[in-house]
Amino acid sequence: MILYSPSDIEPPIADRRVRVGVLASGSGSNFEAIAEAVAIGRLPVEIPVLVCNNPGAFALERAASRNIEGVLLDHRAFGSRRAHDEAVVRALRERDVEWVVMAGWMRIATDALLDAYAGRILNIHPSLLPAFRGLHAVEQALEAGVKISGCTVHIVTASLDDGPIIAQAAVPVLEGDDAATLHARIHEAEHVLYPRAIGLALMRKTRD
Ligand code: GRF
């Protein structure tokens with residue numbers, strides 16, 4: 001794995017811990033990696049809440065076992081994507097969240113979320129952007145026959161998977177890979193990259 005970001009970022013990013021809310025839809029392994037980095041003192045933030053849109057998602061169990069509040073907001077219970085995002089923003093604001101981290105959040109953000117946290121939403125995508133945006137990025141990479149793929153952490157903007165890139169990690173595509181084996185290799189890289197990229201993004205912002 002090659003990480004395209006400074007590897008020694010463990011800075012005091014502010015004189016207090018920035019409050020980061022995590023959004024996840026599924027397994028939540030990236031959430032777990034971020035929470036672990038916080039727990040072992042490598043990422044000086046607080047995670048007051050994990051918001052999840054899918055009942056039964058394993059991410060909620062991971063939050064519970066780490067004593068992080070889990071809030072379930074099932075998007076099927078809302079009349080529109082915007083109404084759902086408004087509820088997400090309310091949940092985040094009620095907990096004084098300052099930055100939002102999407103970790104396998106399978107929803108396209110509306111203005112309700114983008115405006116509330118403009119420039120302060122991060123996402124991780126399983127490709128080396130700008131290649132293979134959108135769904136099924138791992139399958140797209142395999143179909144294209146690339147020999148190197150990876151993952152990208154970027155700021156979320158209104159264009160899908162297109163905001164400013166914070167950091168990337170590259171992994172090889174090996175002979176005989178299928179989507180599952182390649183995604184597993186990318187996942188491992190994500191777990192290293194995302195906590196570091198969060199530190200980088202927050203540092204950059206606090207210096208602006
Ligand atoms: C990751 O591969 C991420 O790049 C994509 O969704 C997946 C989430 O995995 N956006 P997990 O739920 O964090 O395990």
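Trainee: Asn123, buried or exposed?
Mentor: Buried. This is a predicted model, and Asn123 has 10% relative accessibility there. The cut-off for buried is under 20%, so Asn123 counts as buried.

Trainee: Which strand is Asn123 in?
Mentor: Strand 6, residues 121-125.

Trainee: And what does Asn123 touch?
Mentor: Leaving out residues up to four places away in sequence, Asn123 touches Met102, Thr152, Val153, His154, Val156, Asp161 and Tyr194.

Trainee: Switching to the largest nonpolar core. Which residues touch the most other members?
Mentor: Ile47, Leu122, Ile166 and Tyr194, out of 40 residues in that core. Helix 6 (residues 179-207) gives the largest share, 10 residues. Domain 1 (16-118) and domain 2 (124-208) each supply at least three.

Trainee: What does Ile47 touch?
Mentor: Val20, Val22, Phe31, Ile34, Ala35, Val38 and Ile68, again not counting residues up to four places away in sequence. Another core lies apart from the largest one. That other core has 20 residues, including Val97 and Val156.

Trainee: Now the domains. How many Å apart are the C-alpha centres of domain 1 and domain 2?
Mentor: 19 Å. The contact takes 16 residues from domain 1 and 17 residues from domain 2.

Trainee: What area is buried between domain 1 and domain 2?
Mentor: About 1,400 Å², with carbon and sulfur atoms giving 76% of that.

Trainee: How many salt bridges across that interface?
Mentor: 0 between domain 1 and domain 2. There are 3 residue pairs in polar contact between these domains.

Trainee: Which element gives the largest share of domain 1's side?
Mentor: Helix 1, with 5 residues on the side that touches domain 2.

Note on methods:
Residues are numbered from 1 along each chain as its sequence is written. This is a predicted model: local features need pLDDT of at least 70, side-chain atom pairs count only at pLDDT 80 or more; totals for chains, interfaces and linings use all residues. Side-chain values use heavy atoms; hydrogens and water are left out. A nonpolar core is a set of buried Ala, Val, Leu, Ile, Met, Phe, Trp, Tyr and Cys residues joined through side-chain atoms within 4.5 Å. Buried means under 20% relative accessible area, exposed over 50%, partly exposed in between (1.4 Å probe, protein chains only). Helices (H or I, at least four residues) and strands (E, at least two) are DSSP runs, numbered from the N terminus. Domain bounds come from an automatic or database domain assignment. Contact means heavy atoms within 4.5 Å. Buried area is the accessible area (1.4 Å probe) that two parts lose on being put together, summed over both. A salt bridge is a side-chain nitrogen of Lys or Arg within 4 Å of a carboxyl oxygen of Asp or Glu. A polar contact is a pair of N or O atoms within 3.5 Å; within protein, one must be able to donate a hydrogen and the other to accept it, and residues adjacent in sequence count only if both atoms are side-chain atoms.
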